[in-house]
Amino acid sequence: VAEQSGIIERMNVLRGFPLFKKGQTAAENDTLIDGAVPSTFNKTELMHAEGSVIARTWYEICAVMPLEYSEKVYSGEIKHRFALIAFGNRINFYRNSRIFDTNCDNILRKQTLGISGFFELPIALMTEKSRFYELETASVSEETARTLLEARANEELRSKIGDDGEIISAEFTFSVIDGFAVGTLRAECRQNIAAEKEMTAEEINAAISAGEEQNTDD
C-alpha cells in the first residue's frame, strides 16, 4: 500500500498483481501491488506481494518555537521524604501534606522488601526526592532559531522519505510572528512509497469470491 501520496515513476513488482502504472497518481493507503493475483483459467492465487514503487512526492513541514521561554535554574537545595506502605496502608514519615512542592522536580523510588527471585513482602519503602529550581526567562536569537527549525524540518523530512529517498528540490522560509519563530520547509522528493500491509480475512474472502465468480462467468 502507499505510505504517501505521489506520482508513480517506476514500479518494480517481484510478486503480486500491480494495480497502478507509471504516470498515475496514488493516494495514501491505496493498494499498489495486490497479494490476490487473478487468473482467467484458475482460481485466484494468494501470495505475499513484494516490490517497490518509486514516486515523486511533495511535503510541506512547519516548525515553530518561541523566542523567549522559561528555563529551570536549580538552586542546589534537595529534600527527601519517606513513607512506608504496609498491607495496603501508607504511613508518612513527615508532617506536611504529601502534595509535592511547586518549582521542584520530584523523583519517586519504591523498594519492596524481600529476596529478589524468591519472595516479596507486602511492605515497601517509598522515597521522594525533590530538587528545587527557579524559573528564569531565557531567549534565543532569530538566527539561532532559524538554524534550529531548519535542522528539525530537514530531520523530519528525512524520516519521511527514508535513507534511500532523494530530495529533488527544497525551499526553507523563515519568519517571526508574535514572538514565535516559524519555519516552513517545502520539498519535492523521490522515494519508495510502498509499504507491506497484511491482508484482512475480509479482503482474502472477497478476492477468492471474485475469482470464483469470474471463472463461473467464463
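Biologist: What does the accessible surface of the chain come to?
Modeller: About 14,800 Å². Carbon and sulfur atoms hold 49% of that. Keep in mind that this is a predicted model.

Biologist: And how much of the chain is buried?
Modeller: Buried residues make up 26% of the 218 residues.

Biologist: How many helices and strands are there in the chain?
Modeller: The chain has 2 helices and 13 strands.

Biologist: What box do the C-alpha atoms fill?
Modeller: Roughly 85 × 55 × 25 Å, along the principal axes.

Biologist: What share of the contacts is between residues 24 or more positions apart?
Modeller: They account for 64%, counting contacts with a separation of 6 or more.

Biologist: On to the sheet. What's the strand order?
Modeller: S3-S1-S7-S13-S12. That is an open sheet of 5 strands, with antiparallel pairing.

Biologist: Which are the edge strands?
Modeller: Strand S3 (25-26) and strand S12 (166-177). Each pairs on one side only.

Biologist: How many bridges join S7 to S13?
Modeller: There are 13. S7 covers residues 50-66 and S13 covers residues 180-192. Proline 66 stands opposite phenylalanine 180, and glutamate 60 stands opposite arginine 186.

Biologist: And how many bridges between S1 and S7?
Modeller: 7 bridges, again antiparallel, with S1 spanning residues 6-15. Asparagine 12 of that pairing faces serine 52 in S7.

Biologist: Where does asparagine 29 lie?
Modeller: In the loop between S3 and strand S4 (33-34).

Biologist: Is asparagine 29 buried or exposed?
Modeller: Exposed, with a relative accessible area of 57%.

Biologist: What about the phi of aspartate 178?
Modeller: Near 50°, also a positive value in a residue other than glycine. Aspartate 178 lies in the loop between S12 and S13. Its relative accessible area is 74%, and that makes aspartate 178 exposed.

Biologist: Last topic, charges. How many positive and negative side chains does the chain have?
Modeller: 23 positive and 36 negative. The centres of the two sets lie 9 Å apart.

Definitions and conventions
Residues numbered from 1 in each chain as written. Predicted model: local features only at pLDDT ≥ 70, side-chain atom pairs only at ≥ 80, totals over all residues. Heavy atoms only, no water. Pairing = 2+ DSSP bridges. Helix = DSSP H or I, 4+ residues; strand = E, 2+ residues; numbered from the N terminus. Buried < 20%, exposed > 50% of the residue type's maximum accessible area, 1.4 Å probe, protein only. Contact = heavy atoms within 4.5 Å. Areas by Shrake-Rupley, 256 points an atom, 1.4 Å probe, with all protein chains shown as cover. Lys, Arg positive; Asp, Glu negative; His and termini not counted. Charge placed at Lys NZ, Arg CZ, Asp CG, Glu CD.
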